[in-house]
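Dear colleague,

Please find the structure below, handed over for your files. My notes on selected features follow it.

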Amino acid sequence: MTIPTVTLDPAADGWAELESAALLGTDRRPLPEPAGPPALLAAAAAVDRTDPAVALLDLAALVAVRRRAGATALPAPELPPVAGPDPRPELPEAAARRLAVLVGGRAAGTAPANLAELLPQWLEAALAHGYRLPGALVPPLLDTARARSELRAPAVALAGPLGRWLADRNQDWRFVHRTATEPVAAGAGPQVWQEGLFAERVTHLSRLRRERPQEALELLASTWATERAEDRVLFLDALQEGLSAADEPFLEAALTDRSKNVRATAAELLSTLPGSAFATRMAERARAVVRLEGRRLSVSPPAACDAGMQRDGIAVKSPTGRGERAWWFGEIVAAAPLSRWAADTGLDPEQLLRLPVGDGGTDWTDDLREAWARAAVRQQDADWARALLGPVPRPGRAGRAAGSPARLLSVLPAAERAAWTAAFVQTHGLGDAFQLLGACATPWTPPLSTAVVAALERAARSGAYPWSHSGVLGMTERALAPEAAPAVAALAADAAPDTAWAETFDRLAGTLRFRAAMLAELAG
C-alpha cells in the first residue's frame, strides 16, 4: 500500500468555511467540502450526509486531524546563556538548612520569636566567610530581600552571578541590577545618573563617592542646577563620606541655595572641615560670644542674626521654640571648630567643662554644653565626647553629658562604648539604657552582656513585668553574646514556673543557642 505524500497548506484546507457553517448553521449555509489532497477528499466523500450537522462535525474532525498530523514543528528556541562562573566555595549543608529556616520564618522547638531579625547577622557572617549559595536558595533569598531593602546589598552579593542571571528573567528581582556590590568602573553610570530612579541615583552617587570622591562631586555638580530641592538635600548627605577641602567651593556655593534645608545641610558639612573658610568665620563668631575671663567663661549671645550669619545657615527664627539669642548662640558654638577652644584658652576639654559659665545674670552652662556636644558629634572628636560624657553618674545624680549621651557614645571606640554602657547598666539598670545599648557594636562584649543579664535578673526579682523592658529584650535577642546562653537558661530555671519571666528567659536562651549554632555552622 502506498501512502500519499501530503503537503500541508492550512490556508487551503477549507477550515474557514467549516467554521462559518458551524457559526451560522447548516440550514443557512450549505455544507462545505474540505479542500486538500486526494486522501482527505476521499475520506470526506465517505462521510454520511443524512444529517448535515453530524456531517459537519465529521468533516471538521477530519480536517482537524489532518492539521495536527501535518503540522511542522517549530525550530527549538535558542537556549539562554548560562550564569557566569562563581568560584566561591558552596555554603556548608547545615548552614544552607539554617538559611532555609530563616527565609521561611518557621522553626521547631525553642527558637527566636522573630527569625527575620536574625537574617542580617547570618548574611553578614556568610559574606565574611566568602560562601556562595546553593542555587535552590537564591530565589527565596531574593524574594525576602525584595521586601526588605536593608537586606538587598548582602543578599545580592551572596547570590552572585546566579542572582544577576535570575534577575534578567524575573522582573520581581530587578532590584538586583540596581544594588551594586562591586566597585564602580571608571566612567560607568552616566545613564543611571541621567535616567535612573531617585533611589538608584543616590545609591550610585554614594558608591562613587566612597571609591572616587572627586568624580562623584563632579557628577553631582553637572546636574545640580536642575535637581529638586528635596533631592539636593539627600545628594548633599552623600558627600559626608570622604569629605575634604576639595568639596569646600561646592559647599560654599550651596550656602546661597534657594532652599533653606540645602543651606543648613551645606553649613553642617562645612562645619566638619576645621580648615574651611566657613569654620574660620564661625570661630570668629564664637570668640565674640564666649570669652575666658579669669576662671570663668563669659557668654554674650548675638543681639541679632545678621546677613552673614543667615548666609552661613543660621535661621533668624528658632525652629525649636528656644529664645532667638539662645538659638543663635547654640548654632555658632556647634559649628565652630572645637580645636579653637584649646588654642584660644590653653585649656583642655575637661578643664573647660569645669569652669562656671554666665553673662552676669544668666546661666548659660546647659546651652554651651549642648552646643559643644553637637560639635563633638559633627566633628567626631573623641576627646570632647569623652569629656562631655564624663563618668557614669551615681544614682539620683545628674550626669555631665549634654544632649544625647548615645550620640556622644557613638563617637568613641567600640570597646569604650561598651565599657561605659556596661557601667551605666550596672548602676542604673535597663530603664534608661535602650539608646545607649543601641549605640554599642553587636554582638555585645562579654562584660556588657554580663551586665545586661544581671540587670534582667534584678528586674525579674523586683517584680517588674517583662513587657516594661520589651525594647531592651528585643535588642538582647539580636545583640547579646551567644556565650551568655547558659546564664540566661539558669535564670529561666530559677524563675517561678509558668510565669512571664520564665517564658521570657526561656525564649531568650533559645534564641542565643540558635544564634550560636548558626554562627558555628558558618564557621565550618
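Strand 2 (residues 296-299) and strand 3 run parallel and are joined by 2 bridges; strands pair if DSSP finds at least two bridges between them. Within this pairing, Ser298 stands opposite Gly358 of strand 3. Helix 15 (residues 277-289) packs on the sheet and touches strand 1 and strand 2, contact being heavy atoms within 4.5 Å. The direction of helix 15 makes about 50° with that of strand 1, with axes fitted as lines to C-alpha atoms, for helices over the stretch in contact, and angles running from 0 to 180 degrees between N-to-C directions.

This is a predicted model, in which local features need pLDDT of at least 70 and side-chain atom pairs count only at pLDDT 80 or more, while totals for chains, interfaces and linings use all residues. Residues are numbered from 1 along each chain as its sequence is written, and side-chain values use heavy atoms, leaving out hydrogens and water.

The sheet is open, with 3 strands in the order 1-2-3 and mixed pairing. Strand 1 (290-293) and strand 3 (357-358) each have a single partner strand, so one side of each lacks a neighbour in the sheet. Helices (H or I, at least four residues) and strands (E, at least two) are DSSP runs, numbered from the N terminus.

Just after helix 20, Gln380 takes a positive phi of about 50°.

Yours sincerely
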